[in-house]
Amino acid sequence: MIPMKISETSVAKIEEICREFDNDKGELINVLHKAQNAFGYLPEEVQKVVAQNLNTSLAQVYGVVSFYSFFTMVPKGRYPINICMGTACYVRGAERVLNEFKGLLKIKVGETTKDDKFSLSSLRCVGACGLAPVVLVGEKVYGRVTLDNVQEILDEYKETVPV
Amino acid sequence: MDTKYRMHLLVCGGTGCIASKSSQLIQLLKEELEANGLEKEVQVISTGCFGFCEKGPIVKVLPDNTFYTQLKPEDAKEIVAEHVIKGRYIERLLYVNPETQEIIRDAKNMGFYRKQMRIALRNCGFINPENIDEYIARNGYSAIAKCLTEMTPSEVIDEVKKSGMRGRGGGGFPTGLKWEITSKSISDQKYVVCNADEGDPGAFMDRSVLEGDPHSVIEAMAICGYCIGANKGIVYIRAEYPLAIKRLKIALQQAKEYGLLGENIFGTDFEFTIDIKYGAGAFVCGEETALIHSMEGLRGEPTIKPPFPSVSGYLTQPTNVNNVETFASIPVIILKGSEWFASIGTEYSKGTKVFALAGKINNVGLIEVPMGTTLREVIFEIGGGIKDGKKFKAVQTGGPSGGCLTEKHLDLPIDFDSLTAAGSMMGSGGMIVMDEDDCMVAMAKFYLEFTVEESCGKCAPCRIGNKRLHEMLTKLCEANGVEEDLDLLRNLSVVVKDTSLCGLGQTSPNPILSTMENFYEEYHAHVFDHKCPSGQCQSFRRYYIDAEHCIGCMVCARNCPTNAITGVKKQVHIINQLICIKCGVCMEKCKFDSIYLN
C-alpha cells in the first residue's frame, strides 16, 4: 500500500466517485472530471487512489490526465481566467488581450498568482465567436474584450474580505 | 408554439447571447408582462441560437415577425409597453442595413436571412429546447414513428442513401453507406455514437444545434440505431459546452419520460437508450478512432483504419459515428423524402451546410445555405461584407485542417469537392474571414501552433514534423528567415501530409501549403524584402524619430521599457534599433507625432 498524503475524507470522496461509475476503468475520464470538480485539481495522490479503485495502473491514469488539456495537476486560482485563442478570437486581437493579462497579473499562461487568486490559461474556442475576443473568468463570459477592459475585469474580483 | 397565447416573444438563449445578458432580459420581460397582467396572453420563450450572433441578444416577436437586435435588459419595459401593449414598433431597436441605412423590421427581409435555407437549424430560434412538446409540435419524433411503423431498416438506409447526404463533420463520407456497412457487420452489440467534440476553433454549429434543438439529434440517433441494429447510443460531447450538456440532459430525460427512449418505442420491440460521455479538451478526439479510445477511458490516440469503426469500434463492437449536424438533418430527410433533399445542392453534395462565419466580417453568426452557394454570396450578402470597410483578403475554411481561399475563389460554388479542389476543405464548416491587416505567414504560424499543441504524439511525422514547421514559420515571422527555409517549408509540409497516421497530421500543413500557393509574395517579402506587407509581424517594425518635430521632451525615453531611446533634454532623441522591442509605447506617448513607423 502506498502511503497517502491526503486525508481519509478525501480518499472516501474519491472512492465514492469511483463507485458511482461502478469502478469501471472505461469511465476513467468521467471519474477524473468529477474528481477535479471536487478537488479543483488532480495531484498525484488523487490519481493513485483513482487507479487503485478502478483497478488500473497509475501510469494509465497519469497518461490520461496529462493527455487532456482539461485536466490539471496544479491548483487553479480562485478565479481561473481563460482566454479564448480560437481563430475567430485570434484575428480579433485575443493575443494582445492575453498579453495584457500576463502583464497585469505578472504571470505566464498556466501559472497562478502568488495569492492563489487568479490563474491564467488559454483555451480553444468556446463557440461564442460573435463576441470575439472572449475571456472567461470562472464560468462568466466577457465578450468583445478590449485592452482597456482587462483591468476592469480584474477589478470586478477585488475581494474585501480575504478568503 | 402554444396557441393559447396571442403573442410570443422568442429570446435567444444561446451561449453567446447569454453572455450579453439575455437571461436577465428574459426575466425582466416576464416581470414586465406580469406587472401588466399579460402573462396569460403573451409568452416569453428562451430559444436556441438565431444565428445572428453579431447583433445579440435578439428578440423575435411572433406572429408579426418583428426582429429586435442588440437589446439590453432595460429595454424590456419599452418592448412590453410599446410593442406588446400598443402594437407599435420600436424603431431604435430594429435592425439597420449597414449599407443602405434602411430600417428592416421583418427578419425575412434581412440580407442575413434571405439567402439561407434552414434544415439542420430548422428549429433553432423557434422552439424552447427544454420543452419536448414544442419539438413534437414541429413534427418532432414523427420521423422515428414513420421508420418504426412503416419502414424496414433497409428501406430507411436506402432513403438516406438516395438523399445523397454526406457526413457534415468534415470527411464528407456518404452517411447512408456508412449506416449500411455498420448494419451488415454481425454482432450482438452495436453502438451509435454522436460526435459532438467540436474542436475546430471558430466553428460552433454543433453547440448551437445541441443548445437549440437537442431532440432532433436524439431522434436521429434512434433512427440510426433502428437501421444498424443497435440499442445503445452515446453522445461524446466537449466539456467546454456546459449549456449544451445541460439541455441535452433535459432532453434525454424528457424523451425517456415520453417513452421515446427506452423499451418498446412506439409499441414496437425496438429498444434504444442514450448515454453521455465527456471529452476533456483534445482536438484529435474529433477523429473517430481517437474519439472511441477516449470513450473507453484511454488517451485519445487514433489507430490505423481499417478496421473501420463500423466493423470494430467502441469496445471492439461495430460502431456508427456521425456528427451532430448530420444527425440533425436526418429526421427531415425521412419526413420530406430523399428526392426533396437531393433536389437541393450540387451534383455530389446534396442538401444544405451550416457555416460559422467569424473573423473580420460584419455579420458574425451561424448560417445555413444550400450547397453550391458561392463564397461571395456567403461573405458579402449574408455576412454583410468586411468589417470597418476594409478590403477582403482571404477566407479560411475547414479550420486548422483547411486552407486560405482568396479573392479569385469568391465565385466558387461551395461544396465538398470544389473546396478540396481549391486546396482547402469543407471541414466542419468554420469560415474565418481575414482582411488586409492580417499577415498570412502569421496566420499559418497560428494554425501550426494549434496543431503542435494538439498533436497526440503517437506518430513521428505529426509530432516532430509540425514542430519543425512551426519553428520555421516563427523564424520567418521574427525576421530571421532565409531563402532555404521556403523550400524546406514546402517540402516538409508535403512529407507530413503524406506520412502522418490520421487526419490531423494529414491535413495540418494545409494552411501553409495554401497560403504559399495563394500568397507567395508575402512569404517572399518576409525573407527577401525584410518586411511584413500587412504590418502584423512586429519584428519587422522600425520606429524612427522625426528630427524635425522632436522637441526633446524626453517623454518617450522615460516610457521606453528597454531604455532604447537616448538623448538629452531639448535635443533630438534617437532609438537604438538593437535594443528596441517594437512595443510602440514611444509612439503612443509622443504628444508631437514625431515618432513614425517604417
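## Domains

The domain assignment of chain B, automatic or from a database, lists domain 1 (7-109), domain 2 (132-341), domain 3 (352-435), domain 4 (440-529) and domain 5 (541-597). Between the centres of domain 1 and domain 5 of chain B lie 51 Å, taken over C-alpha atoms. Chain A is assigned domain 1 (8-67) and domain 2 (79-155). Their centres in chain A are 29 Å apart, again over C-alpha atoms.

## About the model

This is a predicted model, in which local features need pLDDT of at least 70 and side-chain atom pairs count only at pLDDT 80 or more, while totals for chains, interfaces and linings use all residues. Residues are numbered from 1 along each chain as its sequence is written, chains are lettered from A and ligands numbered from 1 in the order in which they are written, and side-chain values use heavy atoms, with hydrogens and water left out.

## Where chain A meets chain B

Chain A gives 33 residues to the contact and chain B gives 50 residues. Contact means heavy atoms within 4.5 Å. The buried area is about 3,300 Å², and carbon and sulfur atoms give 57% of that. Buried area is the accessible area (1.4 Å probe) that two parts lose on being put together, summed over both. In chain A, the residues that lose the most area to chain B are A:Phe67, A:Thr87 and A:Arg124, together 22% of what that side buries.

The two chains share 4 salt bridges. Each is a side-chain nitrogen of Lys or Arg within 4 Å of a carboxyl oxygen of Asp or Glu. A salt bridge joins B:Glu54 and A:Arg144 (4.0 Å, N to O).

Helices here are DSSP runs (H or I, at least four residues), numbered from the N terminus. Axes are lines fitted to C-alpha atoms over the stretch in contact, and angles run from 0 to 180 degrees between N-to-C directions.

Helix H9 (residues 205-212) and helix H10 (residues 214-228) of chain B pack at about 95°, with axes 5 Å apart. H9(B) and H10(B) are therefore roughly perpendicular (65 to 115 degrees). B:Val209, B:Leu210 and B:Gly212 of H9(B) touch B:Pro214, B:Ser216 and B:Val217 of H10(B).

Helix H19 (residues 483-499) and helix H22 (residues 520-529) of chain B pack at about 145°, with axes 9 Å apart. From H19(B) come B:Glu483, B:Leu486, B:Leu489 and B:Arg490; they meet B:Tyr520, B:Tyr523, B:Val527 and B:Phe528 of H22(B).

Terms used. Helix = DSSP H or I, 4+ residues; strand = E, 2+ residues; numbered from the N terminus. Parallel < 35°, antiparallel > 145°, perpendicular 65-115°, else oblique.
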